[in-house]
Amino acid sequence: MASRIAYIQRDPVRTKRAKKEAGYLAFIHELPCAVTGRYGVEAAHVSFASPWHGHYGRGKQTKAPDRFALPLHPDAHRDQHGANERAWWDARGINPHELANALWGIYCDQSDNAAELCAARIMSGLAATGRLPKSRDEV
């Protein structure tokens with residue numbers, strides 16, 4: 001039975017500054033809000049770590065990597081930073097790390113229609129959690 005002892009390894013710690021992607025942040029501004037579906041968003045960085053998703057948190061006095069930025073309406077962005085962030089995302093039924101990785105992947109792989117595909121991904125997520133705006137006027 002000794003051979004069945006689990007190998008435990010600590011999560012790696014980030015040792016350099018997060019890479020900045022100005023083009024990606026500009027792209028994020030074209031998308032609907034990940035929480036409300038409204039347009040006119042800000043790029044909101046997910047602050048808490050999730051090594052499983054490749055996010056090792058923020059370094060001292062630095063932001064999270066830009067690939068972990070999500071489109072949030074300014075009201076939602078203020079709420080996100082004014083609360084326990086993990087609980088805030090959980091209350092909305094969104095895994096921000098999975099969504100950020102999905103949007104980043106679409107952006108990297110689908111240059112011609114990435115905005116359309118990312119908007120569709122956001123709206124399908126809102127529909128799955130029952131928060132899809134009822135009309136275009138609500139967006």
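Which residues of strand S2 (residues 69–72) lie on one side, and which on the other? I opened the predicted model with that in mind. I found Ala 69 and Pro 71 on one side of S2, and Leu 70 and Leu 72 on the other. These residues are all buried, and both faces of the strand are covered. I noted the background: side chains in a regular strand alternate between the two faces of the sheet.

**Pairing of S2**

I looked next for the partner of S2. Strand S1 (residues 42–45) pairs with S2 in the antiparallel sense, over four bridges. I traced one of these pairings: Ala 44 has Leu 70 as its bridge partner in S2.

**Glu 85**

I then moved to helix H3 (residues 85–91), where Glu 85 is found. Buried or exposed, I asked of Glu 85? Its relative accessible area is 10%, so Glu 85 counts as buried. I checked what the side chain of Glu 85 reaches, and found the backbone nitrogen of Ser 47 at 3.0 Å. Leaving aside residues up to four places away in sequence, I listed the contacts of Glu 85 as His 45, Val 46, Ser 47, Phe 48 and Gln 80.

**Salt bridge**

I counted one salt bridge. The side chains of Asp 75 and Arg 78 meet there, at 2.5 Å from N to O. I placed both residues in helix H2 (residues 74–81). They are three residues apart, so about one helical turn separates them. Asp 75 is partly exposed, with a relative accessible area of 38%. Arg 78 counts as exposed because its relative accessibility is 55%, over the 50% cut-off.

Key:
Residues numbered from 1 in each chain as written. Predicted model: local features only at pLDDT ≥ 70, side-chain atom pairs only at ≥ 80, totals over all residues. Heavy atoms only, no water. Helix = DSSP H or I, 4+ residues; strand = E, 2+ residues; numbered from the N terminus. Buried < 20%, exposed > 50% of the residue type's maximum accessible area, 1.4 Å probe, protein only. Polar contact = N/O pair within 3.5 Å; in protein donor to acceptor, adjacent residues only side chain to side chain. Contact = heavy atoms within 4.5 Å. Pairing = 2+ DSSP bridges. Salt bridge = Lys/Arg side-chain N within 4 Å of Asp/Glu carboxyl O.
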